[in-house]
Amino acid sequence: MAVDRRAVRRLIATKEMLIVCGSGGTGKTTVAAAIGVGAASTVPGRTLVLTVDPARRLATALGIADTGAGIVQVPAERLQVDGQPPRGELFVGMLDTQAGWDELINRHAPDTVSATQILGNPLYRNITRRFVHSHDYLAMEQLHELHATGAYDLVIIDTPPSRNALDLLDAPRRMREFFGGRLLKWLTVPYRSRLFSAATQPFYTVADRVLGSRFLRDIADFFILFQRMEKGFVRRAVEVEQLLHDDRTAFLVVSTLDPAPVHEARFLVAELARRGMPIGAVVANRVLPQIIRGRVANNAARQMTALDAGVVADLAAAADIHASDVAAVLTAAGGVFPDLAVLADRESERQRELASLDAPLVTLALLDGDVTDLDALRRLSSALVAETDSG
Amino acid sequence: MVEIGSLLDRRLLFVTGKGGVGKTTVAAALGELAARRGLRVLVCEMDAKGALAAAFDGRELRFEPSEVRPNLFAMTMSTEDSLREYLRLFVRIPLVGRIGPLARTFDFVADAAPGVKEILAIGKVCYEVRERHYDIVIVDAEATGHIVAQVGAPAAIRDLVQVGLVRDQTAWMIEMLHDAATTGAVITTTAEEMPVVETIELVDTLRSATGVDVAALVANRLLPNRLTGRDEDVLATLTAQPARRAVSEAIGDPALVVLDAVAHAQQRAAVGARHLLRLQTEIDDVAIALVPEMFARSGGPRVVGLVADALAEEGL
């Protein structure tokens, strides 16, 4: 689909959950924060941006420097534009995987004794950090949780950097399958019968040999405890999975116009479509001005390296600068420009790739500096939620 | 300034960095440079995204290394293949021939058991170094978020697993990884805020949590600053009124596009220079190689060659 400047505006007006995903280093956190600022400025209601470890200066810009894992409100005066108060409220929170897991255990454990046993198990911290892509699952779980409280009209989640974007989409299903899977069954059968089965199943022999039976037993002890929470966990995973397909949810795929992120964005859009998950928009971030790409500009650059002395003298007089300085700068700029045009052409090709995907494309111009203060965030957000085709 | 010249004397390099900064290109370029010097080189891509194949000639890479240039071999990591090879080499039991469908189940165990997948990957590259199949093994490693878990896997396994084959082999791997004469991490970054911040944090974490030496930093895709300070002032005057109108009248509006674009690029370069300075100030005991933006149409072998040239110019 072609560039659609109103796509994000439509999304913040109609959706309840926005999942911002894409390759690492594309500015996901910044885009999520800017959409939050845009939503709070233009739409009444409560908007929450849930983010993972944002750049510290970005956090400061939002006024959430020292809040830890809690959710805080961004002061309304920080969202004022030209003295106008924002129409809505903005809240920001950080995702804390470990705290999230602890909370899940406390919620799903059948009793406090089980919860204490699990939380005190030495393998627990190691395993929750790694197994079935726990960061991805936690992100989806927290989105569900916060949406379900009804405290927010719009929840925007900035997803964790994912080695493979599919891990995120598949996390709830994998969690569900984990509880019904062979592995958990095998790990949690009584040790004696496991020895018996080891005699018949070569795999277990190898596993015992390689990993050591003691380690396997440690893992088993943990999972026997963990299995007590099966019912709650599975029900929850099913709900989270449904949420990913819900009409009130939309995915935003963020990419720069570099080859690797574009590749990942294309792949992600195709996989979202295949899974029937709603794609809200593709956001092309840090795009060079389109005008650089034309042949006209390139010709002008060439012309500038060999200007008539009279033209230079006229310019020098108009600008009140020495003619030799003007000539030097025009020649230098004309000489540098073709390199910039190559970058712009390279990007233009990638932008066409993104535009050919079955999703509205939103482009965000490359800003002069890094986005680390509220002004830059506001500029970005007005580009994102623009009402008109200008700017 | 710290010397960078001895980087290719090491035998195992982990090239890491924030996603999108060009670490695969840098890993491939280090491989090419080493091969040019006559070393027998293996470059191993850890995340199997296919970026390394694109950096060479585009042919698909497999677990079994293929020679992409004379003396330069490339492979892509597969924990399942690594497991199969491991079992064949070390377990030596007849049922290994039947491990095919079982490997998937094992993969599942590896998913649940902390550190197992990482050690299968890291074990393979350490094994290639130990067996001296290559003069140097260059790993296109995980991005900043995962590299610590990857190179720290042997120590994690040692702490978690009390007995067994895997534990027995953690000792020599840890020794190899912690030996700065053998092993080093190369962190790639661009001159942007987040990559620089992550690089500074990663140097700290690698040192405090893994014992892997930070061998060098590579500042990639640096925008050249080709105007002098005086030029910049002139440029600012020319792009502001009343000169702006005069430029438009004398040369035409496209000239303003050119001047604006150059002014914009200058500004980006200036912001980049500040971030680079911060990197140099905060990490003053590691050599930093500076690699310019190549202004090439796309990545691939040509850019890899240019980056290798740039690294050579930096004294590598």
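Buried means under 20% relative accessible area, and exposed means over 50%. The model discussed here is predicted.

Q: Why is Cys21(A) called buried?
A: Its relative accessible area is 3%. The cut-off for buried is under 20%, so Cys21(A) counts as buried.

Q: What makes Cys44(B) buried or exposed?
A: The relative accessible area of Cys44(B) is 0%. Buried requires under 20%, therefore Cys44(B) is buried.

Q: How many disulfides are found over all chains?
A: The search of the whole structure finds 0. For Cys44(B), the nearest cysteine sulfur is that of Cys126(B), 11 Å away. A disulfide needs the two sulfur atoms within 2.5 Å, so Cys44(B) is in no disulfide.

Q: Which residues of helix H11 (residues 229-239) of chain B are buried?
A: They are Asp231(B), Val234(B), Leu235(B), Leu238(B) and Thr239(B).

Q: What covers the buried residues of H11(B)?
A: The cover includes helix H16 (309-319) and helix H17 (323-355) of chain A, and also helix H12 (243-250) and helix H13 (253-282) of chain B.

Q: Which residues touch the most other members of the largest nonpolar core?
A: Among its 111 residues, these are Phe226(A), Leu12(B), Phe14(B) and Val125(B). Helix H5 (residues 116-130) of chain B gives the largest share of this core, 8 residues.

Methods. Residues numbered from 1 in each chain as written. Chains lettered and ligands numbered in written order. Predicted model: local features only at pLDDT ≥ 70, side-chain atom pairs only at ≥ 80, totals over all residues. Heavy atoms only, no water. Buried < 20%, exposed > 50% of the residue type's maximum accessible area, 1.4 Å probe, protein only. Helix = DSSP H or I, 4+ residues; strand = E, 2+ residues; numbered from the N terminus. Contact = heavy atoms within 4.5 Å. Core = buried A, V, L, I, M, F, W, Y, C linked by side-chain atoms within 4.5 Å.
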